[in-house]
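Here is a short briefing for a reader who is new to this structure. Take a first look at the chains, then read on.

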Amino acid sequence: MTDQGLGRRDFLKTAVVGGAAAAATVVQEPHGALAQQPAPSPIGAPPLATYEFLNLEEAAFVEALVDHMVPADDLTPKGTDLGINVYIDRALAGAWGKGDRLYMQGPWRQGVPNQGYQLPLAPADLYRAGIAATNAHCRKTFGKAFDQIDEAQREQVLVELSEGKITFENGPPVRVFWGAVYQTVMEGMFGDPIYGGNRDKAAWRMLGFPGAIAVHREHVVKFRDKPFPNEPVSIADMS
Amino acid sequence: MVTKLKEVDVVVVGLGWTGGILSKELAEAGLKVVALERGAMRTSENDYSLPNIRDELRFAVHKDLMMNTARDTLTIRNNPSQEALPMRRLGSFLPGEVVGGAAVHWSGHTWRWTDMELKVRSMYEERYGKKFIPEGMTIQDWGVTYAELEPYYDRFEYTAAVSGKAGNLNGQIQAGGNPFEAPRKREYPLPPLTQILSGVMFSEAATNAGYHPFPRPSANASQAYTNPDGAKFGACQYCGYCQKYGCEANAKGSPHVAVIPLAMRNPNFEMRTNSWVTKILKASDGKRVTGVTYTNVLNGEEFEQPAGMVLLCAYALHNVHLLLLSGIGQPYDPETQTGVIGKNYCYQTGTGATLFFEGRRFNPFMASGGTNVTFDDFNVNWAFDRGPHAFVGAYNVSAAHNGGAPIEYRPLPRGTPQWGKAWKAARAKWYQGAMNIGASGTVMANRYNCLDLDPTYRNAFGQPLMRMTFDYTANEQAQIRHAAKVINDLAKAMNPTHLTEAAPRMSWSVVPYQSTHNTGGAIMGTNPRESAVNRYLQSWDCHNLFVFGACAFPHNSSYNPTGPVGALTYWALDAITSRYVKNPEPLVHA
């Protein structure tokens, strides 16, 4: 089905930012595509992302992030083609993102690292605040948002996020944001495809992980120190 | 408005291993038993079936079967000078919250704790002298011996479908088993699980180093099995989804397979799920309890359930919380070292190395909860002289995979990039080529490691959260440094392509998962001054209240706690049915 949201966002991004930087990172579509029914996708092509939670700026950030962290190569397609962005959006829109199973009563103190997560933020709010703060840092440093900077600059930003070298003014601790980002990218890449990521089980194929396959009783000795002939099976494949 | 219900003989608070065993046995003994479980009903057929149980995100990452910390949690701190803060989500340990409790999602490791634990103070004092025990280490004997518990260990192993190899049958050392274990009267009910590559390699290296490896005993049925009560188990499929998941094959020794269905067939038994016990009610004379109050969490209705006996069978920490909330027993004060409820809270320590072997195919996803190989040369081997190393305690060393679900299983050599093409290539290369060697170590009781009520934070029922104060002392640090060296020497001898060496754990963090082996807080012992319950787990204060589970352990061994949890339950059950029911009074006179 057509994705009005994505098309509109790409259109707006192109219109507002324009120029070579935008052209390098935005999938340009023929102008008329906005109004038309798209041609049927060829088999295997990823569906366009539709977002439940992420706004335009956040979606652009997440798409750029997952494509940078998981670039296309011989092992797998790139992050957005694996649907990691879709996974993250759904996770943030769903119960987990809204703080399911999270104790959310104050008073709020930061304590010491051994005491764990202590922010008054559900994961979706943490993500939102962290993206805004990262983009503010990028604008201050490079004059552009994260999705508009070049690959080397993105690499620098991720290194600084992961090492806690950026300070978010009036925002959440950067290490906590990075921890949430990294964990959700891993979930979107390696979780079952029913959640929107790991499209076509590509990440499982990359590892040789057989997925939801049920029984190895007869395999334990037979395949000891031998490659297991692996075509991964997902929950949907068995349903 | 609290609705008062009709009195029953026994109310069981919490329906996991201990509540399941007691419900079945006491209903069969002719008592009217009501079990109150805060979680919901879950069955293998409906909830742990294929393909949906094979969902790492839902069960392992988002912890579908476990305690919901939005409703009730603990506050935690490392020492009394800190302000305790809420454990806002699960991490270090994972209590269960369904019918079957944490024993639905456990791995199955089932050990017999020996007199080295049960007589800890007297054995160390006898061998090393009183001064060897550091100041502030509040270890004490349990009041029960291995010889007394042996038949009950046996009964639990046969109930829970434990697979293993005996190492000591009636004093005769058996090839292939643990030569350091205490003597057992007969073999395990099932032969050990098939070893996987990492276990085979570890076993060979440990043997070459002069250690005595053996297959870890575990309640994962190595073959189809019917237990003495008639409960049927399937054979383990080595599916790699064991710990944190319910078992699709009914091969894991879990109470919702082994005992609860048998209780449910008995008209003397009634189970009420979604029933959250808020308080144990004391009689006006303070010497008995009269029942409990609970809330139906589906509609908020409150009930009083009067009962002739109250059996606390919730998770260890929740039992202690209920005692504190109910004002039963004197709360422990670490400054004056008086009181007993909350005393001797213990956890475990550990360390591990990751070994990377180019070209090996470990197939980490072909594994069971108990496919580990272990050696106990520095554990229940009393011949190992602690004197030169200056620590009280022990550790076991083990290796093998227990599953390879890839959101959480991400072994990479140090220095690997965290993202990008190089990360992907390393991820693809080492997923198959890594294994771990780990140690699990004892935590001896310390005066400042304890549980009490938090002064600030409250749960969904308006009650104070329980506060946990815990850290490792110099004793555990010395012990785990020793373990790290043993592991690293062994790992190097295996000549891996890369090695991430074991580093000793110096301080406790609530964040990463370590083990669901929380012990103490309502400890057993020989007198009411030093313990909350007597050797039959009967409250010293209120004789018709019994407290089960690992909260009764006066300290923590290096082993998983479920073996003695089960054995002590059957041991106390015998005293209840043979003596207490006929003559309801204290079973031990203080």
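The points below go from chains to domains, sheets and core.

This is a predicted model. Chain A has 10 helices and 0 strands. Chain B is assigned two domains, domain 1 and domain 2.

**Chain A**

- Chain A holds 239 residues, and 38% of them are buried.
- Read from the N terminus, its elements run α-α-α-α-α-α-α-α-α-α.
- Among contacts in chain A with a separation of 6 or more, 57% join residues 24 or more positions apart.

**Where the chains meet**

- Chain B brings 55 residues to the contact, and chain A brings 51 residues.
- On the chain B side, two or more residues come from each of helix H3 (56-61), strand E4 (74-77), strand E5 (85-86), helix H12 (420-430) and strand E19 (450-458).
- H12(B) gives the largest share of that side, with 6 residues.
- By class, the chain B side has 26 nonpolar, 17 polar and 12 charged residues.

**The two domains of chain B**

- Domain 1 of chain B is made of 1-113 + 144-160 + 253-346 + 444-471 + 519-590.
- Domain 2 of chain B is made of 193-245 + 349-441 + 472-507.
- Their centres, taken over C-alpha atoms, are 30 Å apart.
- The domains touch through 28 residues of domain 1 and 33 residues of domain 2.
- On the domain 1 side, at least two residues come from each of H3, helix H7 (146-159), helix H9 (255-258) and helix H10 (260-264) of chain B.
- H3(B) supplies the largest share of the domain 1 side, 5 residues.
- That side divides into 15 nonpolar, 10 polar and 3 charged residues.

- In chain B, 4 strands form an open sheet with mixed pairing, in the order E5-E4-E20-E19.
- E5 and E19 of chain B are the edge strands, and each pairs on one side only.
- E4(B) runs parallel to strand E20 (residues 464-469) of chain B, and 4 bridges join them.
- Leu74(B) stands opposite Met466(B) in E20(B).
- Helix H11 (residues 316-326) of chain B lies across E4, E19 and E20 of chain B, at about 120° to E20(B).
- How many residues of H11(B) are buried? The count is 10 of its 11 residues, and H11(B) is mostly covered.
- Among the buried residues of H11(B) are Ala316(B), His318(B), Asn319(B), His321(B) and Ser326(B).

- A second open sheet in chain B has 6 strands in the order E8-E16-E17-E18-E15-E21, with antiparallel pairing.
- Strand E8 (214-215) and strand E21 (498-500) of chain B each have a single partner strand, so one side of each is left without a neighbour in the sheet.
- E8(B) and strand E16 (residues 373-375) of chain B run antiparallel, joined by 2 bridges.
- Phe214(B) has Thr374(B) in E16(B) as its bridge partner.
- Helix H8 (residues 197-208) of chain B lies across E16, strand E17 (395-399) and strand E18 (434-441) of chain B. H8(B) runs at about 25° to E16(B).

**A hairpin in chain B**

- Strand E12 (residues 275-282) and strand E13 (residues 289-296) of chain B pair in the antiparallel sense over 7 bridges.
- Ile280(B) stands opposite Val292(B) in E13(B).
- E12(B) and E13(B) form a hairpin, with 6 residues between them. In the turn, Gly286(B) has a positive phi of about 75°.

**The largest nonpolar core**

- Which members of the largest nonpolar core touch the most other members? They are Val13(B), Val310(B), Leu311(B), Ile487(B), Val547(B) and Ala552(B), out of 236 residues.
- Helix H14 (residues 562-580) of chain B gives this core its largest share, 9 residues.
- Domain 1 and domain 2 of chain B each give the core at least three residues.
- Val547(B) touches Ala552(B), and its other contacts include Leu312(B), Ala522(B), Ala532(B), Val533(B) and Leu537(B).
- Val547(B) also touches Asn319(B), a buried residue of H11(B).

Conventions
Residues are numbered from 1 along each chain as its sequence is written. Chains are lettered from A and ligands numbered from 1 in the order in which they are written. This is a predicted model: local features need pLDDT of at least 70, side-chain atom pairs count only at pLDDT 80 or more; totals for chains, interfaces and linings use all residues. Two residues are in contact if their C-beta atoms, placed from the backbone, lie within 7 Å. Ala, Val, Leu, Ile, Met, Phe, Trp, Tyr, Cys and Pro count as nonpolar, Asp, Glu, Lys and Arg as charged, and the others, Gly among them, as polar. Domain bounds come from an automatic or database domain assignment. A residue is buried if 20 or more other C-beta atoms lie within 10 Å of its own, exposed if 12 or fewer, and partly exposed in between; C-beta atoms are placed from the backbone. Two strands pair if DSSP finds at least two bridges between them. Axes are lines fitted to C-alpha atoms, for helices over the stretch in contact, and angles run from 0 to 180 degrees between N-to-C directions. A nonpolar core is a set of buried Ala, Val, Leu, Ile, Met, Phe, Trp, Tyr and Cys residues joined through C-beta atoms within 7 Å. Lists of a residue's contacts leave out its neighbours within four places in sequence.
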